[in-house]
Amino acid sequence: MQVCPYCGEAELIEILEVWSPRDFQIETCCYGAHEAVSEFLSEDPKGAAQWLRAKGLDDLTGRRVRRVINDGSGQLVIDWKLTIEPVSFSTAKAFVAQHHRHCPAPAGWRFGAGIFNGEDLIGCVMVGRPVARAFDSARVVEVNRLCLRTDIAPDLAWNGCSQLYGWSAREAHKRGFEKIITYTLESESGVSLKAAGWTIEHTLKGRSWDTPSRRRTNASQGVNKNRWTALQ
Ligand SMILES: [Zn+2]
């Protein structure tokens, strides 16, 4: 028996309850133990996840915890490991319409997916025909739209773009396409593309098209764009 240093009784620190989508409650023997565990959970997001996993959270919920984060209001909540799952075209289209500022969804797609944090749909990718006619649309696909929710705690969407770019490239390969491309403005870092193993293959001078992640404005005439591709 472990003796609690705060109350001198048998130490009790367990997961009492988990509510959908990401709230949880810890049961402790005393207030002191509760304070101590709350402090630990808020100061070490990854350690907190490991601790909750050791306490059986993954088995309890059937999901895998990624980190414990502050939801912005001071509440500690569960950040689940992101999962990429099929969604219908109409779901993706509605998602983009709602969350992609100024940028309407394309009229069709070859394929796409949603990315979930637990049961919350936090992002979508839509992969379709290349916008530039020079590409053979039987062999080349383009990430036409990729967007993540911005109305949630940013931690919940962390790494989501990279995972969707990575998935899109693997899926294009699986479906027999020879190449996948996408565009960013030269001013964008492309950090999530790089993290997913994409590279810049060409810089287009002075174009003013849209990119999947950012809608141009009329004021941005003549900006340079990078075209990216994923190595297969
Ligand atoms: Zn105690």
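**View 1. A salt bridge between R63 and E119.** In this predicted model, the side chains of R63 and E119 form a salt bridge, with N and O 3.7 Å apart. That distance falls within the 4 Å cut-off for a salt bridge. Side chains of opposite charge can pair when their charged atoms come close. Two salt bridges are counted between domain 1 and domain 2. Polar contacts also cross the interface of the two domains: six residue pairs, both partners at pLDDT 80 or more.

**View 2. The face of domain 1 that touches domain 2.** Two elements, β3 (65-70) and β4 (76-80), each give two or more residues to this side. Strand β3 supplies the largest share, four residues. By residue class, the side of domain 1 that touches domain 2 has six charged, three nonpolar and two polar residues.

View 3. The domain assignment of the protein chain gives domain 1 as residues 13-79 and domain 2 as residues 82-230. Eleven residues of domain 1 and twelve residues of domain 2 take part in the contact. The centres of the two domains, taken over C-alpha atoms, are 33 Å apart. The size of an interface is often given as the accessible area lost when the parts come together. Here domain 1 and domain 2 bury about 920 Å² between them. Carbon and sulfur atoms account for 43% of that area. Which residues of domain 1 lose the most area to domain 2? They are R22, R63 and R66, together 50% of what the domain 1 side buries. R63 is also the partner of E119 in the salt bridge of View 1.

**View 4. The whole chain.** The secondary structure of the protein chain comprises six helices and eleven strands. Along its principal axes, the C-alpha trace spans about 75 × 35 × 30 Å. The radius of gyration of the protein chain is 22 Å, whereas a compact globule of 232 residues would have one near 17 Å.

**View 5. A salt bridge between K55 and E14.** The structure holds 14 salt bridges. One of them pairs K55 with E14, the closest N and O atoms being 3.4 Å apart.

View 6. Most residues other than glycine have a negative phi, and most peptide bonds are trans. Two sites in the model depart from this pattern. The peptide bond joining S20 and P21 is cis, with omega about -5°. P21 sits in the loop between β1 and β2 (23-28). N159 is not a glycine, yet its phi is positive, about 75°. N159 belongs to the loop between β8 (140-148) and α5 (160-174).

Methods: Residues numbered from 1 in each chain as written. Predicted model: local features only at pLDDT ≥ 70, side-chain atom pairs only at ≥ 80, totals over all residues. Heavy atoms only, no water. Domains from an automatic or database assignment. Contact = heavy atoms within 4.5 Å. Buried area = accessible area lost by both parts, 1.4 Å probe. Polar contact = N/O pair within 3.5 Å; in protein donor to acceptor, adjacent residues only side chain to side chain. Nonpolar A, V, L, I, M, F, W, Y, C, P; charged D, E, K, R; others polar. Rg over C-alpha atoms; globule rule 2.2 N^0.38 Å.
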